[in-house]
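Welcome! Please have the view open as you read.

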Amino acid sequence: MMDEELILLNPGPACTSQRVKDALLRGDLCHREPEFTDLLFRIREALPRCLNLGGTHEAILVTGSGTAAMEMAVISSVREGRGVLVVNNGVYGDRMIKIARSHGITVHEVRSDWTVPADPEAVRRALAEHDDVDAVVCVHHETTTGLINPIKEIGEVVAGSGALFVIDAISGTAIEDQDLAEVRVDVVCGTANKGLHGLPGMAFILCSPASIARVQEVPERSLYLNAASYLKSDVPFTPAVQVCYALDEAIEEFEAQGGFAARTKLYRERAALVRGQFERLGLKILVDERFRSNTVTMLHLPDGVTYQSLHDELKKRGYVVYAGQGQLSNDFFRICTMGEIPWHRLEQLERALGESIEAARG
Ligand SMILES: Cc1ncc(COP(=O)(O)O)c(C=O)c1O
C-alpha cells in the first residue's frame, strides 16, 4: 500500500492542489445571482492573461470537456456554404475534421506525418487552392505524440487571407504557449483541467474581435455550442458552478506562483528532469528533440514489455501513465508531467520506472 498520493502522468485530467479541491466546497450558488456573475467575469478576464494573450481576446466559458470548446470554435467560425481547412497531424486534428463533417461543414485538409510539424507553406498552397475557407484550424500541441506545431508561422500565412485562425491549445494552455502573444490567432480553445491545474468540466474559447464579428454571421448549428448565445447571455445554460469555483482558485494559485512565466518555466524544468531519466534508462523518444512539447513524451515500449504490464507495475509504485493512441497504441506509451506534482515525486519516477520495466519483463 502506498503512503503517498497517486500521481497522474496522463495528459489531463491532471493532479490538483488541496486548495483547488477544497474550492468545490465553497457552497451552493444560483448561476443567476450576482455572485456567480462576479465569479464568471473574474475568470473571463483572467484567462487571456493566463495564456499570455494580451487584452485583445474575449473569453467564452462553456460547461463541458475540451471537445466542447473545439466544437464551439469550429461551428461558430464558418459561415453557411463555406469551409474549414484543418491542419492535421494527429488524433486531435482528426477530431476537428470529424466535428466539421458532423455539422455538414466542407473540410479541406493539410495532412502531415504524425511526427512531423505542419508545414506553413502547405497551408499557403491550400489557401490558394480553395477560395471557400472561413477558418484554418490547427492543434498547437498534438497530445497524440507530444509534438508542437509552428502556429506563429501558420498564423502569419492565414493573416490577410480572410480566414480566421483557430487553434486547439487544450493541452498546451499555460504550458507551451510561450509564443501565443505573438501569434496572429483568432480563436484559442482551452480547458480548465490541464495546464491551469483546475478540475475537469469547464472549457473555453478566447475570441479576437474578428471572430466575435464572425460569430454573428454563422448559422445556429447547435443549440448548446453556439458561441453567439454565450455572447448574448453569459450563462445560457446551467454551468458547473463548483468547477468554476475550482478554476477560480486554480487561477489565483497560478498567479500567486508567478503566472505564465513561472508556470511555463516549471514545465520546461520538468521536461528536462524526466527526459534525463528516460535517457539514463535507455528509453527512446519518438519525436525529434526540436519539436517536442514541454509535457508529453511519447516513448517506445522497451523490448519484451507490454503497455498494460508497465502501466500496472507503475501504478503499484504510485504513477499513472498513458497508452499511445491509434496507430501508436501497440509500441508506445506516454508520460506527461502535467498538473500539481511535487518535485520529489518526479525525481523518484526514475527508480519507479526502472523497477517497473524490470518487473514487467519478468
Ligand atoms: C490537444 C487536445 N485537444 C482536445 C482534447 C479533448 O479534450 P477532452 O478530452 O477534454 O474533450 C484533448 C484531450 O486530451 C487534447 O489533448
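Predicted model: local features only at pLDDT ≥ 70, side-chain atom pairs only at ≥ 80, totals over all residues.

The structure holds 2 cavities of 30 Å³ or more.

**The cavities**

The largest cavity has a volume of about 80 Å³. Its lining is made up of L40, L61, V62, T63, M202, Y224, Y230, D234, V235, F237, T238 and P239. Which element gives the largest share of that lining? Strand 2 (residues 58–63) does, with 3 residues. Sorted by class, the lining of the largest cavity has 9 nonpolar, 2 polar and 1 charged residues.

The second largest cavity holds about 40 Å³ of space. To find it in your view, look for M72, A73, S76, S77, V187, I205, C207, S211 and V215, which line it. Helix 3 (66–75), strand 10 (202–207) and helix 7 (209–215) are the elements that give two or more residues to this lining. By class, the second largest cavity is lined by 6 nonpolar and 3 polar residues, with no charged residues.

**The salt bridges**

Now for the charged contacts: the structure holds 25 salt bridges.

| Pair | N to O distance |
|---|---|
| E45 and R49 | 2.9 Å |
| E156 and K152 | 3.5 Å |
| R280 and E350 | 2.9 Å |

Let us take R280 and E350 to begin with, whose side chains meet in a salt bridge. R280 lies in helix 10 (residues 259–280) and E350 in helix 13 (residues 349–361), so this pair ties together parts that are 70 residues apart in sequence. R280 counts as exposed, at 56% relative accessibility, while E350 is partly exposed, with a relative accessible area of 23%.

The other two pairs each sit within a helix. E45 and R49 both belong to helix 2 (residues 34–50), where they are 4 residues apart, about one turn of the helix. E45 is exposed, with a relative accessible area of 51%, and R49 is partly exposed at 40%.

In helix 6 (residues 151–158), E156 and K152 are likewise 4 residues apart, about one turn of the helix. E156 is partly exposed, with a relative accessible area of 42%; K152 is also partly exposed, at 26%.

One last stop: which residues are linked in a network of salt bridges? They are R19, R26, R42, D248, E249 and E252.

Notes
Residues numbered from 1 in each chain as written. Heavy atoms only, no water. 1 Å grid on protein atoms, 1.4 Å probe; cavity = no way out; pocket = protein on both sides within 12 Å on 5 of 7 lines; lining within 4 Å. Points joined across faces, edges and corners; volume = space filled by probe spheres on them. Nonpolar A, V, L, I, M, F, W, Y, C, P; charged D, E, K, R; others polar. Salt bridge = Lys/Arg side-chain N within 4 Å of Asp/Glu carboxyl O. Buried < 20%, exposed > 50% of the residue type's maximum accessible area, 1.4 Å probe, protein only.
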